[in-house]
Amino acid sequence: MSANVRITTELKNPSDIGLHYRLLCMTGPNKGKVYYIIGKRAVIGRGENADIQIVDTKISREHAELSFADNGYTITDLGAQNGIIVNDTKVKQKKLYNNEKIVIGQTVFKYNIIDVTQTNEMILAEATPDSALAKEIKKGVKVKVPTKSFKTDVEEVYKPTKSDQGQNTSKSKVLIFGIILIAVVFVLFGEDEKTQAPKTKMKQNADLEMFNETMSVKVSKDDPDVKKKLDALIHSGRREFREGNYFRAMEEFRLALLLSPNNGQASFYLSKAKQRLDDEIKKNFEKGNQEQDSKKYQAAIVSFCGVIQLIKEYPDDDRYKTALTKLSAIESSLGMEKGEIKCFEEKSVDSAN
């Protein structure tokens, strides 16, 4: 885990007093994750050493950098091929402000600056201003208060003394103790349950509404040019799907969803193309491994080349690299030179004959 970033899935605001800098992942492979930037520098990228790692072929190994200066973070493009978009504008470097939208590859982040000014300790001090805890807080002592200590502080303040022998006095103090205890419980728990939960829910709804407003491309159904382009993308994607070019098909369906985010046909075929691609690659690897173990090297070459042909336009994909490693091992077993097996050249030679 990176020392520069704290990762969680909890949308509730932090409890510690101070400024907190947060990236909320709205779309992409890491959708739903929350990243709190706690270091002076944090790198976003596909590589294993990135502080915020996103497995996405559209993202470089070290794609962007967040650096702290002037009480905030600045995002910088580290020379990535697909660049960075902040609030629908491509940028090389930009200081980030609250509620800004960041697009990196197929992932969308919402940047938040959260200012926490009150904690449970302060709420308790307000509820029992004469308690030892309140006095400590007033002196500037930072105190962590577990729930069980609330009752202890109240009892310590209002505990009857031995000199209070009168029955009426004792009853009065018990009554006061009961009232104060009920008040404290109400403040700490009643208000928390009634206000904090709705606030958290409202915060989540606000995040979703913000995403819908900023990320959804507003397409008029009556716009003939948009409809024509949308139909063309879906038609092209289905054709690539039928021909087994699943990666190309997925790209077409993703473009269609940018035009019409709620398009059911594009969503269905995108999911189907991804599943079919994963199944084909898995089948080729299983077959190739069995053939390699049985020393049926020519058949294994065909299987591993099948993986490369399926994702030939995405050489950065880990599965592409694994297939190359398998082919390299076969070359070694057959006493061949490194790189002698050429998946695409073999096909062209056969067609020429």
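Helices (H or I, at least four residues) and strands (E, at least two) are DSSP runs, numbered from the N terminus. Keep in mind that this is a predicted model, where local features need pLDDT of at least 70, side-chain atom pairs count only at pLDDT 80 or more, and totals for chains, interfaces and linings use all residues. Residues are numbered from 1 along each chain as its sequence is written, and side-chain values use heavy atoms, with hydrogens and water left out.

Let's start with helix α8, which runs over residues 297–310. Its 14 residues reach 20 Å from first C-alpha to last, close to the expected 20 Å (that is 1.5 Å times one less than the number of residues). Ten of the 14 are buried, so α8 is mostly covered; buried means under 20% relative accessible area, exposed over 50%, and partly exposed in between, using a 1.4 Å probe and protein chains only. Among the buried ones are Y297, F304, C305 and L310.

Now for the rings. Those of Phe, Tyr and Trp (its six-membered ring) pair if their centres lie within 6.5 Å; planes under 30 degrees apart are stacked, over 60 edge-to-face, and the rest tilted. Searching the whole structure turns up nine aromatic pairs. Take F68 and Y73: with centres 5.1 Å apart and planes at 65 degrees, they sit edge-to-face. F68 is partly exposed at 29% relative accessibility, while Y73 is buried at 3%.

F241 and Y246 are edge-to-face too, because their planes are at 70 degrees, with centres 5.6 Å apart. Here F241 is buried at 10%, and Y246 is buried at 8%.
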